[in-house]
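I am opening a notebook on this structure. The entries below record what I looked up, one topic at a time.

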Amino acid sequence: MSDYTMSVTVDRPYDETVTAVRAALQTQGFGVLTEIDVRATMKAKLDVDVPAQVILGACRPELAHRALTATPSLGAMLPCNVVVRTDDDGRTVVEAIDPDAMARLEDSPVVREVATEARQRLRAALDALVVAGAEA
């Protein structure tokens, strides 16, 4: 894990995890605005085979609006990317941008509040995956 992401690794199949990530994000009020199938894109554009990976652009409109109202340039960092990928051991990694990284770039009380709430919600979504994986 880097200093700009939060992640969990689960012992569940990739496709099942992607579905669970979508549900966990929705539970926390995030919608998925964009989806990039990295494996399909690399195959189509470069004719290379890479492990399964998807980038989901997650957004909670209320938080995005507050952040953009305070600092319009933060639009370059939205939506919050959430990556689901397989690792070398066949496990599934879910990694999300840490909104605190955004707050470190912009010194604003409003941005700090938004980042704190977004981080709590993303962390809760990631934690739900671990709990659900333990129950499966």
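**Entry 1: the largest cavity**

I began with the largest cavity, which is lined by 14 residues, and Arg60, Leu63, Ala64, Leu78 and Cys80 are the ones nearest its centre. For a cavity, a 1 Å grid is laid over the protein atoms alone, and the cavity is a set of points where a 1.4 Å probe fits but cannot get out; lining residues have an atom within 4 Å of a point. I noted which elements give two or more residues to this lining: strand E3 (53–59), helix H3 (61–70), helix H4 (99–105) and helix H5 (109–135). Helices (H or I, at least four residues) and strands (E, at least two) are DSSP runs, numbered from the N terminus. H3 gives the most to the lining of the largest cavity, three residues.

I also looked up its volume, about 110 Å³. A volume here is the space filled by probe spheres set on the points, with grid points joined across faces, edges and corners. By class, I found 13 nonpolar, no polar and one charged residues in the lining of the largest cavity. Ala, Val, Leu, Ile, Met, Phe, Trp, Tyr, Cys and Pro count as nonpolar, Asp, Glu, Lys and Arg as charged, and the others, Gly among them, as polar.

A note on the source: this is a predicted model, in which local features need pLDDT of at least 70 and side-chain atom pairs count only at pLDDT 80 or more, while totals for chains, interfaces and linings use all residues. Residues are numbered from 1 along each chain as its sequence is written, and side-chain values use heavy atoms, with hydrogens and water left out.

**Entry 2: the other cavities**

I searched the whole structure and got three cavities of 30 Å³ or more. The second largest cavity has a volume of about 60 Å³. Its lining consists of Met77, Leu78, Cys80, Ile97, Asp98, Pro99, Ala101 and Met102. Here H4 gives the most, with three residues. By class, the lining of the second largest cavity has seven nonpolar, no polar and one charged residues.

**Entry 3: cysteines**

How many disulfides does a search of the whole structure find? I found zero. A disulfide is a pair of cysteine sulfur atoms within 2.5 Å. The closest cysteine sulfur to that of Cys59 is in Cys80, 7.5 Å away, so the two are too far apart for a bond. Cys59 is buried at 15% relative accessible area, and Cys80 is buried at 12%. Buried means under 20% relative accessible area, exposed over 50%, and partly exposed in between (1.4 Å probe, protein chains only).

I placed Ala115 in helix H5. Ala115 is buried, with a relative accessible area of 0%. Leaving aside neighbours within four places in sequence, Ala115 is in contact (heavy atoms within 4.5 Å) with Pro99, Asp100, Met102 and Ala103. Ala115 and Pro99 are 16 residues apart in sequence, yet 4.9 Å apart in space, C-alpha to C-alpha.

Thr71 lies in the loop between H3 and strand E4 (80–86). Thr71 is buried, with a relative accessible area of 10%. Not counting residues up to four places away in sequence, Thr71 touches Glu106 and Val111.

**Entry 4: the ends of H2**

Last, I checked helix H2 (residues 38–46), where at the start a side-chain oxygen of Asp37 reaches to within 3.2 Å of the backbone nitrogen of Arg39. After H2 comes Asp47, with a positive phi near 55 degrees.

How values were computed
Polar contact = N/O pair within 3.5 Å; in protein donor to acceptor, adjacent residues only side chain to side chain. 1 Å grid on protein atoms, 1.4 Å probe; cavity = no way out; pocket = protein on both sides within 12 Å on 5 of 7 lines; lining within 4 Å.
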